[in-house]
Structure formats: C-alpha cells, structure tokens
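Work through the following exercises with the sequence and the model in view. Each task is followed by a solution in steps.

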Amino acid sequence: MLGYDPYYFTPEVSNSELSRLKEYFMPKGYVIDSKIAYRFGNLIDAMLTEAHRCDYLTLKVDDEQFSKEEWNKAYNMKKAFEKDPSCARYLKMATGQSVFRNPNFEIDYQGFLFSLPVKCKYDLWFGNIGWGADIKSTTATTQKQFEDACRYFDYDRQRAWYMDITGAKQDILIGISKVNNKIFQLPINHESDFYKSGKEKYQDWAFKYYCLFSDFKLVA
C-alpha cells in the first residue's frame with residue numbers, strides 16, 4: 001500500500017471530504033469508483049514531486065506494487081511533463097506536496113457566515129509568488145476535453161478551495177494525457193469562470209457539511 005501520510009488522518013475538512021459527502025447523496029449508479037485513477041495519479045505525483053518514494057527496480061511507491069505496464073505509462077507521462085518547457089520550470093521553482101491548514105476558515109453561503117477547520121495539499125507550491133498547481137492524469141486528448149473533464153470531476157471546486165485557503169491569487173491545473181502524453185494547462189485567477197463556479201460548489205457542499213457535522217456556531 002502507499003505509505004502512511006499523516007495529512008489524511010488529521011481532523012480538518014478537505015476537498016476530498018466534500019467529494020465523499022457529494023457521493024453519499026448521489027444515486028448509486030452515478031458514483032464513479034475513482035480508486036484506480038487515484039492510485040495511478042499518486043504514482044505520477046510521486047515520480048514528479050517525491051522521487052525518493054519511487055523504487056524503479058521493484059516498481060513500487062512505498063509498499064504499493066505497480067505493474068510494468070502501469071510503471072512504463074507513468075514514466076512516459078513524467079518524461080512528457082519534464083520535456084515541456086513551462087512544466088520543467090515549474091518543477092525547478094516549486095516545492096512538492098505542500099500542506100496548508102486553517103483552523104477557522106470563514107465561508108459565506110448566501111449571506112450565512114460559518115467557519116470550518118480546513119486543509120489542502122498542493123502538488124506544486126511556488127512559495128516566492130504565493131500560488132500553486134495541481135497535476136492531473138487524464139484520458140483527454142485535446143484542451144477542450146481536458147477543460148470539460150476538469151469541470152465534470154469538480155476540479156474547479158478543488159482549485160477554488162485551495163486558493164481561498166491559502167489566499168492565492170492564481171493557480172494552474174496541469175493535465176498529462178494517458179492516451180497521447182500531451183500536456184494541457186488551465187490557468188486560474190479570481191476573475192475566471194472556473195474559479196467562480198468552483199467557489200459556488202464548495203460553498204454549497206461546505207454548508208451541507210457544516211449543517212450535518214458542526215455545532216452551528218455562527219461567525220461573529
């Protein structure tokens with residue numbers, strides 16, 4: 001299995017918690033089992049941002065065993081990322097797997113103010129300029145397909161959540177195609193429709209989370 005990461009065992013609310021809440025209310029047939037995609041995504045993330053976890057002899061990340069086919073596909077995607085001039089620059093500039101927490105994150109849901117303890121974890125964080133990036137593996141083969149997939153999988157919610165927790169003014173999603181190894185980039189700022197739709201989504205699901213699991217303390 002992939003190594004123990006204390007990030008996943010702290011009590012703050014993450015974007016993943018909002019996703020699990022959303023899945024709970026969806027009809028069973030609409031819920032997508034993302035375990036395989038998540039596992040493969042972790043392999044690529046490790047190759048790019050935490051190389052020390054990758055054993056190229058045994059094809060393992062921590063204790064998680066991967067097939068030769070999985071490993072080779074991820075490695076080719078890694079190389080495509082590194083060959084892209086802007087992505088190569090990101091790797092040199094950024095810190096990998098950076099965690100941020102806010103014990104009292106204020107959220108405004110249609111004029112109702114409440115707060116939650118929250119957290120997020122960036123694949124890439126540019127500390128000198130105060131913004132970050134996330135790397136996604138994708139079956140998309142065009143920029144439009146990638147952007148459509150980002151909305152479908154609620155990556156807009158994830159990025160708005162991350163930006164508001166850290167106060168970042170900018171963000172970027174980077175996709176690596178599992179089909180043709182193309183690189184896609186989706187820059188985001190506070191004026192982007194992508195950010196605005198994502199913020200509406202997280203406000204909605206954070207409010208539901210608050211109603212279900214909090215003690216209803218209002219923000220003064």
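A residue is called buried under 20% relative accessible area, exposed over 50%, and partly exposed in between, using a 1.4 Å probe and protein chains only. The model is predicted, so local features need pLDDT of at least 70 and side-chain atom pairs count only at pLDDT 80 or more, while totals for chains, interfaces and linings use all residues. Residues are numbered from 1 along each chain as its sequence is written, and side-chain values use heavy atoms, with hydrogens and water left out.

**Exercise 1.** Locate leucine 59 and decide whether it is buried or exposed.

Solution. Helices (H or I, at least four residues) and strands (E, at least two) are DSSP runs, numbered from the N terminus. Leucine 59 sits in the loop that joins strand E1 (54-55) to strand E2 (60-61). Its relative accessible area is 18%, so leucine 59 is buried. Leucine 59 is not a glycine, yet its phi is positive, about 60°.

**Exercise 2.** Describe the packing of helix H2 and helix H3.

Solution. Begin with the geometry. Axes are lines fitted to C-alpha atoms, for helices over the stretch in contact, and angles run from 0 to 180 degrees between N-to-C directions. H2 (residues 35-49) and H3 (residues 68-83) pack at about 50°, and their axes are 9 Å apart. That angle makes H2 oblique to H3; angles under 35 degrees count as roughly parallel, over 145 as roughly antiparallel, 65 to 115 as roughly perpendicular and the rest as oblique.

Next, take the residues in contact (heavy atoms within 4.5 Å). H2 contributes Arg39, Phe40, Leu43, Ile44, Met47 and Leu48, and H3 contributes Glu70, Trp71, Lys73, Ala74, Tyr75, Met77, Lys78, Phe81 and Glu82. By class, the contact of H2 with H3 has 10 nonpolar, no polar and five charged residues. Here Ala, Val, Leu, Ile, Met, Phe, Trp, Tyr, Cys and Pro count as nonpolar, Asp, Glu, Lys and Arg as charged, and the others, Gly among them, as polar.

**Exercise 3.** Which residues of H5 are buried, and what covers them?

Solution. The buried residues of H5 are Phe146, Ala149 and Cys150. They lie on the same side of H5, because they cover an arc of only 105° around the axis; the arc is that of the directions from the helix axis to the C-beta atoms. Their cover includes strand E6 (131-138), H6, E7, E8 and H7. On the face of H5 turned away from the buried side are the exposed residues Lys144 and Tyr152.

**Exercise 4.** Where is aspartate 154, and what is its phi?

Solution. Aspartate 154 lies in the loop between helix H5 (143-152) and helix H6 (155-166). Phi of aspartate 154 is near 65°, a positive value in a residue other than glycine. With a relative accessible area of 8%, aspartate 154 is buried.

**Exercise 5.** At what angle do H6 and H7 pack?

Solution. The angle between H6 and H7 is about 85°, with axes 7 Å apart. The two helices are therefore roughly perpendicular to each other. The contact of H6 with H7 divides into nine nonpolar, two polar and six charged residues.

**Exercise 6.** Is glutamine 203 buried or exposed, and which residues does it contact?

Solution. Glutamine 203 belongs to helix H7 (residues 193-213). Its relative accessibility is 17%, so glutamine 203 counts as buried. Apart from neighbours within four places in sequence, glutamine 203 is in contact with Ile107, Asp108, Tyr109 and Phe114.
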